[in-house]
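Here's a quick tour for anyone meeting this structure for the first time. Take a look at it, then read on.

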Amino acid sequence: MLINSSHIPEKLLANPWDKGGSPVWIHLIGVCGSGLRSLAEYLLARGFYVTGTDEQLPTAGLSELLPRGLAYTRQKHLPRAAIHSPEAATLEPGVSFPEWVRLTSHPENRLRQSIETIPDLIIHSAAIPSADPGLQAAQQAGIPAIPYHIALAHLINASRGLCIAGTHGKSTTTAMAAWMLSSSIAPETTDSKARSNHPWRASFIMGGELIAPLSLSMPDEAKATWHRSGSFVEGDWLIAEACEYRQHFLAYEPELAAILSCEPDHFDCFASEAELVEAFSKFAARVKPGGRLVTAADSPLALQAAENARAQVETFGLSMGNAKYPHWQARQIQLLGAKSRFELFYCGQHRASVQLQIPGRHNILNALAALAVTEQTGCPLPHRIQALASFQGIRRRFEWKGLWRGIHLIDDYAHHPTAVIETLRTARQIFGSRRIALAFEPHQVSRLQALLPEFAQSLALADQVLMAPVFAARESNSALQHSLIQELAQRVRSAGIPAEVCGTLDHLRSSVEHKAGTIDVLITAGAGHIDRIHYELSRRIPRHSQTRRATGSLHLDETGWPGAVLSRTA
């Protein structure tokens with residue numbers, strides 16, 4: 001961080017029109033990342049003028065922001081010339097300014113005619129070091145620059161914050177809470193002004209991208225959140241993920257929060273389990289007195305962290321645990337193909353019947369947490385239950401991508417052994433004994449090295465495994481990569497499961513094509529680029545066909561999946 005956050009005028013983020021005739025200009029470095037992309041959506045919706053740079057090609061989610069007013073260029077650094085407007089850059093001798101995409105479908109987001117020569121504020125990814133040439137140029141130009149988590153803290157702490165923390169499930173639970181408070185508007189309320197006055201209406205900034213529901217019979221306010229990872233509405237609440245990476249979540253002071261789980265994961269940040277628990281304990285203490293902290297009853301470390309809370313603490317879970325029933329509990333659970341149902345109990349009393357359109361035991365826990373943490377927002381429980389019934393999940397979380405050569409293609413973000421286990425268990429729940437191949441891309445050498453035995457055990461739940469090279473996020477290439485991936489493959493083979501090490505993603509795709517006759521379900525898992533496999537196959541994927549059915553006894557209804565009930569008839 002170039003300039004201490006206390007020196008950043010809070011009014012820059014408080015009011016996009018604070019300068020009077022033109023909106024505040026915010027530039028995002030690393031805008032293709034999930035955090036800054038969602039922040040860009042939120043800022044655009046509020047009326048800020050937003051530009052962004054990144055070394056990556058724009059993702060599908062980022063591309064959808066271009067018609068909403070985002071000006072984007074592919075560029076790793078923000079060089080000295082790029083801190084000027086496109087108009088000003090033409091005056092710089094010898095400067096070739098990147099082509100800026102400026103689509104103006106929404107008049108309120110149009111590039112203003114009279115533009116200042118430099119941004120008012122730069123927000124950058126945590127992956128951008130302070131020595132980055134672009135940030136150094138910004139400093140010389142006197143532009144304040146802050147990392148993403150500090151910008152998010154300004155927004156959360158100026159609102160009634162609702163934060164979701166935990167090793168697993170943050171994005172889905174945040175999305176559930178956001179969806180409930182975005183679409184939980186009484187259908188009989190037809191007056192738009194009356195609908196807008198609901199006090200539980202919430203803005204959100206999260207790492208996942210909402211999948212559009214199949215139902216069209218819902219308010220326009222809810223439809224406006226489809227495919228989004230960030231949104232702004234007039235209201236008091238802001239829902240956001242609270243990541244423990246580098247203890248970033250200690251900048252937040254939410255009124256409501258949840259700790260979904262607590263497991264060692266970021267080995268480049270926490271040297272021991274004790275350090276991890278200490279960080280979560282400090283986060284628990286950041287929840288405002290008078291607020292509420294919800295924590296998982298089946299996570300001993302999360303419960304230990306919650307002991308430090310000043311707010312009221314409630315638990316959620318599926319069973320009694322060691323001592324007593326959780327406050328929020330799911331009973332009479334039914335796993336119905338790609339859907340599930342359960343009965344919701346609070347303090348031993350039946351509250352409601354809940355239906356989910358997404359599969360998996362872990363998503364029942366996510367739904368419990370979302371219902372529990374939103375209880376104090378003022379949104380009536382029946383409205384939240386109704387919203388959950390239309391929630392279709394988020395991208396890259398057991399996302400059905402289509403059919404290719406009769407193979408079901410599924411993409412998942414799982415990059416921790418616990419998450420891999422839940423992904424494969426969910427696949428077994430839906431597909432039974434059909435042949436499941438897992439294409440796995442390890443994420444970070446440090447994580448793979450620390451959890452190698454656990455990864456081997458989790459991968460062995462598949463029928464065969466294809467391994468991509470390690471995605472070394474935030475790490476330099478390590479000589480350990482090759483030996484670790486080979487050792488992982490050997491451990492999986494020792495468990496009786498075929499495992500192939502692929503040198504590149506292209507190699508992995510070719511192997512999938514070669515082995516197609518031995519695969520019924522292909523799951524890509526990882527937090528890197530493994531999902532690109534589906535794009536490589538996409539020209540041969542018939543999507544949402546009303547006539548095509550999978551071979552064998554597994555059938556899709558005419559809507560496709562997600563949302564469809566997959567049932568095994570034999």
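**Sheets, helices and a pocket**

Let's start with a strand pair: β19 (residues 464–467) and β20 run parallel and share three bridges. Helices and strands here are DSSP runs (H or I over at least four residues for helices, E over at least two for strands), numbered from the N terminus, and two strands pair if DSSP finds at least two bridges between them. This is a predicted model, where local features need pLDDT of at least 70 and side-chain atom pairs count only at pLDDT 80 or more, while totals for chains, interfaces and linings use all residues. Residues are numbered from 1 along each chain as its sequence is written, and side-chain values use heavy atoms, with hydrogens and water left out.

- Contact means heavy atoms within 4.5 Å, and angles run from 0 to 180 degrees between N-to-C directions, with axes fitted to C-alpha atoms (for helices, over the stretch in contact).

**Two packed helices**

- α14 (residues 417–431) also packs with α16 (residues 452–459), at about 5° and with the axes 9 Å apart.
- That makes α14 and α16 roughly parallel to each other, a label used for angles under 35 degrees.
- P417, V420, I421 and L424 of α14 meet E454, F455, S458 and L459 of α16.
- Sorted by type, the residues of this contact come out as six nonpolar, one polar and one charged. Ala, Val, Leu, Ile, Met, Phe, Trp, Tyr, Cys and Pro count as nonpolar, Asp, Glu, Lys and Arg as charged, and the others, Gly among them, as polar.

**The ten-stranded sheet**

- Ten strands make another open sheet with mixed pairing, in the order β8-β7-β9-β6-β10-β11-β12-β13-β14-β15.
- β8 (230–231) and β15 (349–356) are the edge strands, pairing on one side only.
- Inside the order, β6 (residues 160–165) and β10 (residues 256–259) pair in the parallel sense over four bridges, and A165 stands opposite I259 in β10.
- Helix α7 (residues 170–183) lies across β6, β7 (202–205) and β9, at about 160° to β9.

**Around the second largest pocket**

- α1 (11–14), α2 (34–46), α6 (148–157) and β9 (237–241) each give at least two residues to the lining of the second largest pocket.
- α6 provides the largest share of that lining, four residues.

Key
Angles under 35 degrees count as roughly parallel, over 145 as roughly antiparallel, 65 to 115 as roughly perpendicular and the rest as oblique.
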